[in-house]
Amino acid sequence: MHLAAGFPTTNRDDWRALALEVLRKSGVEAGSPEEALAGLTYDGVTLAPLYDAADLPEHLPCARRAAGAGWDVRQRHSMADPEAVLADLEHGVTSLWLVLGDGAIPVGRLPDVLREVYLDLAPIVLQAGAETREAAEVLFGLAAEREVSPMGNLGASIGTAGRDATVELAVRCSEGFPGMRAVMLDATPYHDAGGSDADELGCSIALGVEHLRALTGAGLSVGQAFGQLEFRYAATADQFATIAKLRAARTLWARVAEVCGAADGGQRQHAVTSSAMMTARDPWVNLLRTTIACFAAGVGGADAVTVQPFDACLGPPDAFARRMARNTQALLLEEAGAGRVADPAGGSWYVERRTADLADRAWAWFQEIEAAGGIGAASGLVAGRIADTRQRRADDIAHRRFPITGVSEFPDLAEKPVRGQPVPSAGAGGQPSRERVSEGEAGLEGLPEIRYAQEFEALRDLADARPERPVVFLATIGPVAAYTARAAFAANLFQAGGLATESAGPGTDPDQIATAFAVSGSTVACLCSSAKMYGLHAEAVAAALRRAGARKVWLAGKGDYEGVDDRLYAGCDALAVLRTTFDDLEVTR
């Protein structure tokens with residue numbers, strides 16, 4: 001059977017000709033469609049509009065999960081709640097990630113939390129920071145009492161538990177606990193600080209090499225040292241970026257293993273849905289974000305996946321949020337069968353090219369870190385690079401080139417709080433109020449933990465705190481058909497900062513529009529209509545609004561008109577517009 005029979009044969013040149021014709025009709029002049037339609041990631045990877053077999057790279061094969069193996073469903077717990085732990089294990093969770101220490105589960109409560117957990121069936125992953133050694137002893141003691149061999153990861157690392165404790169636990173696991181790894185190399189803090197995929201990957205490989213040196217220096221063989229390491233990465237709602245990142249991570253680590261002469265240097269990966277992408281506003285959208293991220297992590301080959309509850313920004317999750325998190329994975333594994341195929345993205349011209357390009361940039365970044373003396377000595381270098389990436393993304397967020405559904409786009413000012421009462425989205429200085437998912441590693445000293453939505457949400461909090469919500473008046477000009485599109489655009493932008501909007505309705509009489517403005521009680525107005533209506537009425541309406549007390553007059557769209565202070569348009573700095581409007585409305589920031 002020839003599926004293409006009857007269809008004319010085409011090639012890239014045919015596509016170029018057709019694409020250029022469409023672009024020219026749209027008013028876009030470019031030397032090639034690739035030039036006009038290509039995108040660029042924060043790592044400088046070019047995303048072409050079309051790929052073919054010529055784009056397939058030559059690179060090291062990356063180890064992958066076996067077909068049909070699925071992945072480990074790992075749920076995170078930071079509260080001493082044995083019932084919640086058992087509920088998760090009874091309904092699809094296959095391993096536990098327990099956060100211990102100050103503000104989380106006390107190390108002394110670990111036996112209570114695990115009292116009914118079968119340690120030889122459910123892997124336990126610890127995160128205990130400076131108390132890692134004590135937590136490990138408690139876990140080993142429980143296993144000895146029950147006469148079982150525990151599985152999981154002790155969560156040690158040089159940056160959190162200290163070099164001596166990390167080496168000691170790795171030697172102990174290697175010699176006596178074959179199902180237990182000692183070291184968790186957590187790259188998510190680099191992501192949470194605003195880093196790009198290559199930033200996160202390069203730092204993680206540098207962390208891995210640092211730990212290999214420490215473990216082999218303590219007497220472990222290269223193979224034993226590799227066997228003690230597990231890597232943790234962030235999975236985002238950018239599906240293909242996450243798939244490429246996890247595949248690139250395995251390719252990079254395979255290269256390290258090759259150089260070190262390790263016979264089995266496959267990378268064990270734990271993917272966690274991104275904290276930075278989560279929102280406190282309209283948190284139900286987080287269900288969509290985490291579903292995409294979980295799918296991408298599974299397709300990308302993660303060995304274990306943690307889906308954060310949709311209300312993670314609002315504090316510790318409740319039973320419903322935990323159930324939704326584990327059911328997300330259950331649906332993907334049991335109904336969608338996302339874990340039944342080994343490397344389902346393998347062979348895709350686009351994914352293979354993107355994986356190889358990302359790996360190249362991450363390897364170059366890793367080499368920069370090594371040249372600076374390793375991850376422990378490169379904190380300034382890491383901080384500078386991540387700050388640059390963070391600033392570029394922040395600029396895209398402000399201009400809404402990086403849209404955040406439910407926050408910077410399509411905000412719902414009438415949304416009902418998930419937990420019965422509003423919870424502030426941000427703390428002092430716009431920093432998120434949620435609990436930190438993971439601890440910092442080397443090279444992150446002094447870097448912030450950010451969320452992409454935090455600047456917009458901080459403005460929403462200020463607007464919500466007013467006795468009456470501040471209002472921006474939309475001076476709609478002409479019939480409904482003339483102003484609807486731009487009025488909707490302007491309303492969406494102002495509401496992203498928590499500002500309500502009131503419309504004048506259809507009409508062209510400047511005095512009627514000015515009267516409606518005065519009734520609204522606002523001091524800021526925005527003209528909304530078509531270019532034709534603006535040419536006929538914009539200046540007269542702006543003058544009437546000034547007489548009625550308008551402190552600022554915006555115009556949605558293009559054109560310069562007397563009496564108009566500034567314009568709103570697709571790609572404008574929405575945060576700057578909102579902050580200016582807050583000042584004009586005398587809302588204290």
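**Figure 1. Contacts of W284 in the predicted model.** W284 touches F310, F320 and V418, leaving aside residues up to four places away in sequence. The model is predicted. W284 sits in the loop between strand 9 (269-273) and helix 11. With a relative accessible area of 40%, W284 is partly exposed.

Figure 2. T242 belongs to helix 10 (residues 239-260). Is T242 buried or exposed? Its relative accessibility is 1%, so T242 counts as buried. The cut-off for buried is under 20% relative accessible area. Beyond residues up to four places away in sequence, T242 touches A235, T236, A296 and A297. One of these partners, T236, returns in the next view, where T236 is listed among the residues closest to the centre of the largest pocket.

**Figure 3. The largest pocket.** This pocket holds about 810 Å³ of space. Its lining counts 31 residues, and those closest to the centre are Y42, T236, D238, F402 and Y452. Which elements give two or more residues to this lining? They are helix 11 (285-300), helix 13 (349-371) and helix 14 (379-398). Helix 11 gives the largest share, 3 residues. By class, the lining of the largest pocket has 16 nonpolar residues, 7 polar and 8 charged.

**Figure 4. The second largest pocket.** The volume here is about 350 Å³. The lining of the second largest pocket has 20 residues; R390, A394, I397, Q454 and E455 are the closest to its centre. At least two lining residues come from each of helix 14, helix 15 (454-464) and helix 19 (574-584). Which element supplies the largest share of this lining? Helix 14 does, with 7 residues. The class count for the second largest pocket is 8 nonpolar, 5 polar and 7 charged. Helix 14 also gives two or more residues to the lining of the largest pocket.

**Figure 5. The salt bridge between D52 and R12.** The side chains of D52 and R12 meet at 3.0 Å, N to O. This pair links distant parts of the chain, 40 residues apart. D52 lies in the loop between strand 2 (46-47) and strand 3 (72-77), while R12 lies in helix 1 (residues 12-25). D52 counts as partly exposed, because its relative accessibility is 23%.

**Figure 6. The salt bridge between D13 and R16.** The closest N and O atoms of D13 and R16 are 2.9 Å apart. Why are D13 and R16 separated by about one helical turn? The two are 3 residues apart in helix 1, which means about one helical turn between them. R16 is partly exposed, at 28% relative accessibility.

**Figure 7. The salt bridge between R172 and E137.** What is the distance between the closest N and O atoms of R172 and E137? The two atoms are 2.6 Å apart. The bridge links distant parts of the chain: R172 is in helix 6 (residues 163-176) and E137 in helix 5 (residues 132-146), 35 residues apart. R172 is partly exposed, with a relative accessible area of 29%. E137 counts as partly exposed too, at 36% relative accessibility.

Figure 8. In the whole structure, a search finds 40 salt bridges.

**Figure 9. The whole chain, for orientation.** The protein has 19 helices and 15 strands. Its C-alpha trace spans about 85 × 65 × 50 Å along the principal axes. The radius of gyration is 27 Å; a compact globule of 589 residues would be near 25 Å, so the two agree. Buried residues make up 53% of the 589 residues. Of the contacts with a separation of 6 or more, 75% join residues 24 or more positions apart.

Methods:
Residues numbered from 1 in each chain as written. Predicted model: local features only at pLDDT ≥ 70, side-chain atom pairs only at ≥ 80, totals over all residues. Heavy atoms only, no water. 1 Å grid on protein atoms, 1.4 Å probe; cavity = no way out; pocket = protein on both sides within 12 Å on 5 of 7 lines; lining within 4 Å. Points joined across faces, edges and corners; volume = space filled by probe spheres on them. Helix = DSSP H or I, 4+ residues; strand = E, 2+ residues; numbered from the N terminus. Nonpolar A, V, L, I, M, F, W, Y, C, P; charged D, E, K, R; others polar. Salt bridge = Lys/Arg side-chain N within 4 Å of Asp/Glu carboxyl O. Buried < 20%, exposed > 50% of the residue type's maximum accessible area, 1.4 Å probe, protein only. Rg over C-alpha atoms; globule rule 2.2 N^0.38 Å. Contact = heavy atoms within 4.5 Å.
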